[in-house]
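Reader: Please walk me through this model. I want to know what stands behind each label.

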Amino acid sequence: VTHYLGGENYVFWGGREGYHSLLNTDMERELNHMARFFEAAVAHKKKIGFNGTLLIEPKPQEPTKHQYDWDAATSANFLRKYGLIDEFKLNIECNHATLSGHSCHHEIETARINGLLGNIDANTGDPQIGWDTDQFMMDVGEATLVMLSVIKNGGLAPGGFNFDAKLRRESTDVEDLFIAHIAGMDTLARGLRNAAKLIEDGSLDELVRKRYQSFDTELGAQIEAGKTDFDVLEKKAIEWGEPKVASAKQELAEMIFQSAL
């Protein structure tokens, strides 16, 4: 149906792919079965000529106790293990990120550095509620962090943002539908402007660069390239003595970030 309608993406929501108890579950067999399913989906996509992106949406729990696509890292490992890493991308939902114990920014960055960032469900949750509340994103700070990753990713095309969100139960006016969507879009737009401001200013990038500048030296570059070993490093450690630990400047990083909001 997606292919017939000219869709560009197809999301597999794995909210029920998991288990409640390992006492009655063969987890290895179930993971193998899930891989066979995704292999068949890829084969069917190619058979019908669908050129869109297939995406998996990580989700940690609810309704099952432990779901197999718990977070971005777990999903990436699954795809890599079963040779599907080039056939899928991830649809990151911010509320699912917090349910798995991460921030939305963490999940998006994890997907990005693995080459798997395909789409973002721009919703959010309530930190005092332990389930998927699917609220509209209204936090400008969160939107700014999201957009920093999107810019680093070079955009999301052919994916994008969508509001996998709903109104609060107390919002009973038709007008609330418009307020929610407008505020959600404005929040993301403000986040994009803030992210651009941070990148153009360069202070945050410079702070990160300085933190890792020892790896830009001759020895640091050799370590990163895998061209040295423990014997060489032991000699250097004895020769140079106890190193000075550089500050990570977390408070300064937070101050630079907050000043852009």
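Author: Start with domains: their bounds come from an automatic or database domain assignment. Here the chain is divided into domain 1 (2–201) and domain 2 (205–260). This is a predicted model, where local features need pLDDT of at least 70, side-chain atom pairs count only at pLDDT 80 or more, and totals for chains, interfaces and linings use all residues. Residues are numbered from 1 along each chain as its sequence is written, and side-chain values use heavy atoms, with hydrogens and water left out.

Reader: What makes Thr110 buried?

Author: Buried means under 20% relative accessible area, exposed means over 50%, and partly exposed lies in between (1.4 Å probe, protein chains only). Thr110 has 13%, so Thr110 is buried. Thr110 sits in helix H4 (residues 104–113). Helices are DSSP runs of H or I with at least four residues, strands are runs of E with at least two, and both are numbered from the N terminus.

Reader: Which residues is Phe163 in contact with, leaving aside neighbours within four places in sequence?

Author: Contact means heavy atoms within 4.5 Å. By that test, Phe163 is in contact with Ala122, Phe136, His181, Gly184, Met185 and Leu188. The C-alpha atoms of Phe163 and Phe136 are 7.0 Å apart, though 27 residues separate them along the chain.

Reader: What makes a nonpolar core?

Author: It is a set of buried Ala, Val, Leu, Ile, Met, Phe, Trp, Tyr and Cys residues joined through side-chain atoms within 4.5 Å. The largest one has 46 residues; Phe38 and Val146 are among those touching the most other members. Helix H1 (residues 27–48) gives the largest share, six residues. Each of domain 1 and domain 2 supplies at least three.

Reader: How much area is buried between domain 1 and domain 2?

Author: Buried area is the accessible area (1.4 Å probe) that two parts lose on being put together, summed over both. Here that is about 480 Å², with carbon and sulfur atoms giving 70%.
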